[in-house]
Structure formats: C-alpha cells, structure tokens
Amino acid sequence: MRTAFKKTRSSGGGFTLLELLLASAIMSIGILGMVASFRYFNVGIQSAKGRSLANNLAQERVEYLKNRSYYRVLVTTATASDDNFSPALTYDQAPNGEEDLTVGGINFKRRVHIRKVSENPATGQLEHKSWNDPDTGLKEISVFVTWFEGGTWKKTELRNLLENPDRVNLSASFAGNIKDAASSVNISSAVVRAQENPSRYDYTDDDGNYYFDIEPGTYTLMASREGYFLKTRPTEVIAEGDSLAARDFLLTRMSSGTITGTVYKRDHMVVYMVVGSTVMVNGDDIEFVSLYNPTTAAMDVAAAAGNNIKLAYHGESGLGRDVNEFALNYISTYVPAGHYFLIASSGSFTYKGHAVTADAVYAPSNSPPCSSVGSLMNCIRTGEAGSVRIRDSSGGVIDTLGWNNSSTGKLPQYYEGTYKTAANGIEVNGQFFRYTAPGSGSEGAGSCYDTDVNSSNFFYFSSAIFRTMSTASGYKAPVTGTPAAGAVVFAEDGLSSAVTANSAGYFNLKSVATGYWTVYASSGPLMISTGPVGGASASFSHSVGNLVLSSDTLYGYVTGRVTDVNGVPMPNVRMYAGGALGYTGADGRYTITAPEGSANVVANYQTHDPAYIEYSSMGVVIAAGGVADPPVDFTLMQGGRLTGWVTTNGVDPLPNVPVIALKNGVEQGNTVTGSDGYFTVWGAGISTGTYEVIPKLEAGEASSPSTHTITLSAGETLFVGTFTVTGAMGYIEGSVAAGAAPITTGVLIYATTGTITSTPPTLDSSLRSGVVAYYAVSSDAAGSYRLAVRGGYSYNVYAWYTAWSGETPSTSRLDHSGVAVTPGGTVTRDFSW
C-alpha cells in the first residue's frame, strides 16, 4: 500500500513531492519580500541618480556660460513661468530658450535666467536691474534643471556671477544729505543717481543721508523723490580714491497753489480830464483838457518838425464845430514821466480852490470854428455830444473820449468801445474824470486806467469834484494802465503752465509749485518780472497785485505739441529753443521763453528720452513779447538703426560676435551677429549723433578696423561697415568615457598655461587677472566637451571625474600636457577611465 505523503529517500538523495511543495512556498514568500524591499531600494537609488544628474547638468551649463565672453552671455529679455513649483519658476524664453535632455533614462528640462545686477554698497546685497537698464558690468546666471519623478516635479538650481573683465572698480564714492527746501526736514527714500551711469545710486535713510560707491569719472548727480521736483548738482570729476561728501540737495515739494494778478501796459499818453466850461469869479469862462503821461519816458509834445501830440475836438455831426488840430501856444513842451499836461483856454486860473498854470494855451487862430469870448476861446460846446482826441505826429489816434447827449439823442462822432453817457451832454461846470483804478479815482495818483471803453474808464460829474493837474503838480505815480489783454504770464516753477491775461488783464496761474518763484508777464515788446512770489504751504493763494509791462524785452515764446507716430501726446519731452529749455506737459504741449530772433527749436533735446529721435525745426522766428506763429509741433519716432557685417576673411561670416555702439564714450546699445555675420543695433538709445561701433572680441582676437565711427541721422538705417576678425580663439575638444561608455554625469575640464598639482582652483577675478591663463568647461550629457582657449599657446589639460561607490564619492584626475593650440585651430584630446 502506498502512502502518498510518506518521505522515501532513494539512493540518489532526492526529495519527496511534499518537501518540494513546502520548499517552494517558503522560497516564494522570501522572494516576494525581497522584491518588495528592492522596490524601495530602487526608488532611493533612482532619486539619488536624478539629483546627481540634474546637478551635473546645471553645473555644466554654468561653466559653459562663465567661459563665454561677457558680451556673449545674453541677458534675458522675455520670460516664462513654470507653475509646477511654488513659487512659480521664472526662466528665460528669449534669447536663450530651454533645452530638453535625456540622460540615464530620465527626461530633463534645462533652463536659464540671466539678469543684470548691481551691488548696493549700503546693504552689501545685489539688486536686479531691468534688461534694458544700462549695463552694470555684472550679470547673475541662474540655471534650473527640472524633471518629473515619483509623481512630482523636482528641480535643481545653481546661481553664479559673471563679471565684465573691463569693469572698472568702484574706487570712489559720493555722499550727502537731502532736505525739504521749505521745512529743512530730512527726506527719506529719496534716490540720488549718477546720470551718466544710472546703475550707481542710493536711497536716503531716515536721516536723509545717502552714500554710494562709483567708478572714477565725470558725473552729474540728480536727486528725486515722489512728490518733489527733480534737482541736479553741477557736473564734477571724481578721481580714484576720492570720497566726495556734502553733496547735498534741497528738494521742493510739488504741492501747488495759485498766483493771481492783473497785467497792465503804460505805453501811451491818455486823456485825464475834460471840462467844457467853468466860470471864474471875474466872469471868465474857462475850458481845458488835461493829459497824463504814464510811461517811463518824458514826452516832447511839440518837436520842431511838428506837434508830437495833437489835440482835436469833434462836436455833434454836421454843425461845423470840429477842431481837427488845436493851434497851441506852449508854455512847456515836455511832459516828464508820471506828470500831467494841461491845455486850456487861459494861461492861469483857479479851479476847485487851486491856482493852476496851463502848459499850453489855445491860440487865437482856432477861431473859427471856436468862438471868442473876450480874450478867451470857447471850443468845447456845452449841452452837446462831443469827443476829444489826441493823435501822434503822423495822425495816428492815441486816445479818445466821446460822450453823448441823452436828452437829445445825439451821439459823439468818435469814442472808444462804448461812449460815456451824459444826460445833457457836457454841462457848465461838468467834468469827465478818468479812473485811477477800475471804478475809483484819486487826485494823489496818476489816473490812467484805459480799457479802450469810455463808459467803463471815466466818471462824469455834472458838478466837478476833482481838481485838475499840470506839469507843475509834480509826479503822480500811476496805479494801473491799459489792461494787457492776451499777455503771456508764467512762473519759473516748472510745474504750472503759461496762461494769457483776459480782457481786463487778469490772470490766474494754477498748479504753481509750492515755493517762491519769479513770475514773468510779456506782451509785444514789453515785459515785467516779479521778485520771488508764491507760498510754502499746499494750496496757497497769492496775489501779486498789478504787474505793469514797462521794460523792453528781447524774449518771446514758442508753443506747440509733441506726439508719437500714433498721435498720442508725449509728456515730459525736453524742449529747446534759442538757449532756453522747457518740457511738455501731460497733454504733450509746451511753452518756452526764448530770445527774439531766428532760433532752432528742438524736441527731445540731447536725446533726453533715448528711445526717440531728436528733432529740430530750423529758423523759427520769435518776436519780442510775441508767440511764434504757427505753433511748432513735433511727431517723434524711435531712433535709427546701425547695421554692419563681421567676417573672418572677407567671405565667411562670423556669428555670435557682440557689437556695441558708444556715443560720447557711453554705451547706447548692443547686439550679436547672426548666423550670416550681420548685426543691427536699434531701439532705445540709438538716436541721432556720432557713434563708435565696436565688436567685443575674445582674448587674442583682433578686428580690422577696430572701430567704425559714423554719424546717424534721424530715422536712418545706416550700414556702418565690415569688421574682419583675425587671431581668433582656438579650441580643445574631445570625449570623456568610463570603460567604453560615455560619461553623462559631467567631467570638469581645465586648460592652463601653468600647472595644477591638486584640486582645481576657483576661477575668480583675482585668478583671471594673473599672468597664468586658466580656462574651464564641463563635459556635456553626451560625454563630450569643447573648450575655447587663446590660440598660440601650449596648455596642460586636466580632467576630474567623480564616481560613486555606494554613498562614497571618489574623484580621480587625468591630464594631457603640452597641448599646442593655434589661433583658430582645434586640437582633440580624449579622456578615458
């Protein structure tokens, strides 16, 4: 009888079926456990592998970029974001782009972000700059390598700095303080900047102090703070080692107020008083006309060639009683400034209790049309409408007073604006008296208010009130004058805009910056300027009273509007005319005070905004006290273009060569040659003017010519010429392998004219400035390298490779000595472990 599960051992040492089944089960359990454990071992190994490969890929890119010419490392101009990380990863989209790499079975993305940076001497920290800011001589290189592992995105990030070898050390410094001009309170958070190198600046601290280091040179410091007006200091030279302190500023707050006033002219003699009949105690019936000279110069009323001031009377039309020019017997022929001149029918008389001596007396030849009453003439008819006029020697009308007779409906033949109403014409003992100021009169001042409207310039009294005056009455200061309607009025504050006076001469300057400014008013050939006026507090209101245009001026005004090519107004555009500067307002409009004559008007003067062309309008005629007509408008377009070609031999193009454009020694733009060797410099900074265009070469390279100097005209695309580059760099290249397999994790390669005995030295600025040349690169993920070195030298080439044994790294080195490299040549040297 057989027992199915009994163990029976044969002579051959076999196992029963039951033993085999039990052994199989036990082994299966053990193997399953080992498989489960292997899964975690594999994940750990794979994770370590991903990090190691990512680090190598990042280091490889850093070393590649740092071994390029400073100008060949292109700053990021367009960015993208990877939202798989928090915060989002910002990286270069242009001009460098990204790379997709597969190494060790893992898919990687390699990206860069290259930015201009500047050292802040106050904090010791680096500050990032915009890609279109002036070059600082220092670039930050950020390399990101990302990959997907274990259901999540991971990254490795490396950062490094690249310094321009031509960068000048910050061996000088500026320091100072900024205060509020009105209160003398320290201003914090104001920025002081060197205009010739805007990357050098500092913000004031709580005590209003600033300090920054700078390269030696010539600089203009500018201080600015939101809410205050910009201010600059005179340009000065700072030498190496100089520490220029006490470069202080007083900034004026941009809060504003209003300045009001009235502008007058005093450019002609006026009729002051007319009396048609006043009877003396002896029965003499006297009439007279009194004139006033409000100007600043004496007047000769009776020159040898003829009367300079001609008096006329015109009665009611058709009565034949007009005296077109009075014949006069002169007692005095000069009227000093601020004096009256009395013309009467009698040489002396008493009026309003004052003895009066006339300056000129009617001559007997005035009759007819005048009538004789004894020895006196009667020319101005009482009870009638009439007018009195004064003319100059050529017959031009200087001033007129006309009055009606309301009772008869008779009107004067001549008048200004609106005649003066008189119920019964001019009456016996009646009196016309000119206003001293609007609506008021005074015997103690010069009465010369003249708006060319008789009804609003004269009183009429049926019974005389005011005394009359002659040259013997002495100087009477004028108070007003003729309102300067249309006069241009402006303040020098730089915030307010010019205004024009209304028909009454009144002006209201709005948005005048707080502070004290000179106010200018001008009309025709006359002008006036005030002393400092304004206010220290926000929303101040100040009246300057009456401004009288009494001085000859050589200045006029240029106005206009500046827009871009789309018709959009351009604010803050610097304008120039005949030596004077101004800026456009928010609406693109400007007003400049400039000397009379022919002037060139320039928009965007000295390329104040380097993104636009400087434009000129030639031969604009500016009249003293006037405004150039028509307005001088400008349309600004962006700067011109500079193009050229870089070649090695006149036939073959040389791509990837940086080219810069300098204007007055300052870089205005840069670019890199394309695959065809051509370059174009355009955009911000490329405005009209003379430029030096220079290729920036690697060490050992030379260009013929080294510089092209050209002059760029507005809107021009100018071919500057060809650069032929010789003595270029040579190259050492090869492969790196471990056994027969390429090393994909990176090998560090050094080439030097010296000797390295241990670990690779750090390639810092002090090492680069030495007499021994060092070049370095990391092999790429394909197990190859290419290292640019200066041709014409012999190099020792070293390679360091790090391998891992478990968690223990082991680094070994191989080398090739005496590797001769010719300019432009390539030498191959492989490394195999």
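With which residue does E60 form a salt bridge? Before selecting the pair, please note that the structure on screen is a predicted model. Colour the chain by pLDDT to begin: the average is 84, and 87% of the residues score at least 70.

Select residues 1-12, where pLDDT stays under 50. For this stretch the model has six contacts beyond four places in sequence.

**From helix α1 to strand β4**

Now display E60 and R110. The partner of E60 in the salt bridge is R110, and their closest N and O atoms are 3.0 Å apart. E60 belongs to helix α1 (residues 17-66) and R110 to strand β4 (residues 106-120), so the bridge ties together parts that are 50 residues apart in sequence. E60 has a relative accessibility of 7% and counts as buried. R110 is buried too, with a relative accessible area of 5%.

**Further salt bridges**

The structure holds 17 salt bridges in total. Select R115, E140, K155, E157 and R159 together; a network of salt bridges links these residues.

Proceed to K154, which forms a salt bridge with E149; here the closest N and O atoms are 3.1 Å apart. K154 counts as partly exposed, at 28% relative accessibility, whereas E149 counts as buried at 13%.

Then select R434 and D450. These residues form a salt bridge in which the closest N and O atoms are 3.7 Å apart. The pair links distant parts of the chain: R434 lies in strand β35 (residues 431-434), and D450 lies 16 residues away in the loop between β35 and β36 (458-461). Are these two residues buried or exposed? R434 counts as buried, at 0% relative accessibility, and D450 is likewise buried at 0%.

**The cysteines**

Finally, show the cysteine side chains. How many disulfides does a search of the whole structure find? The search finds one, and this disulfide joins C370 to C379, with an S to S distance of 1.9 Å.

End the tour at C448. This cysteine has a relative accessible area of 2% and is therefore buried, as the category requires a value under 20%.

How values were computed:
Residues are numbered from 1 along each chain as its sequence is written. This is a predicted model: local features need pLDDT of at least 70, side-chain atom pairs count only at pLDDT 80 or more; totals for chains, interfaces and linings use all residues. Side-chain values use heavy atoms; hydrogens and water are left out. A disulfide is a pair of cysteine sulfur atoms within 2.5 Å. Buried means under 20% relative accessible area, exposed over 50%, partly exposed in between (1.4 Å probe, protein chains only). pLDDT is the predictor's confidence in each residue, from 0 to 100. Contact means heavy atoms within 4.5 Å. A salt bridge is a side-chain nitrogen of Lys or Arg within 4 Å of a carboxyl oxygen of Asp or Glu. Helices (H or I, at least four residues) and strands (E, at least two) are DSSP runs, numbered from the N terminus.
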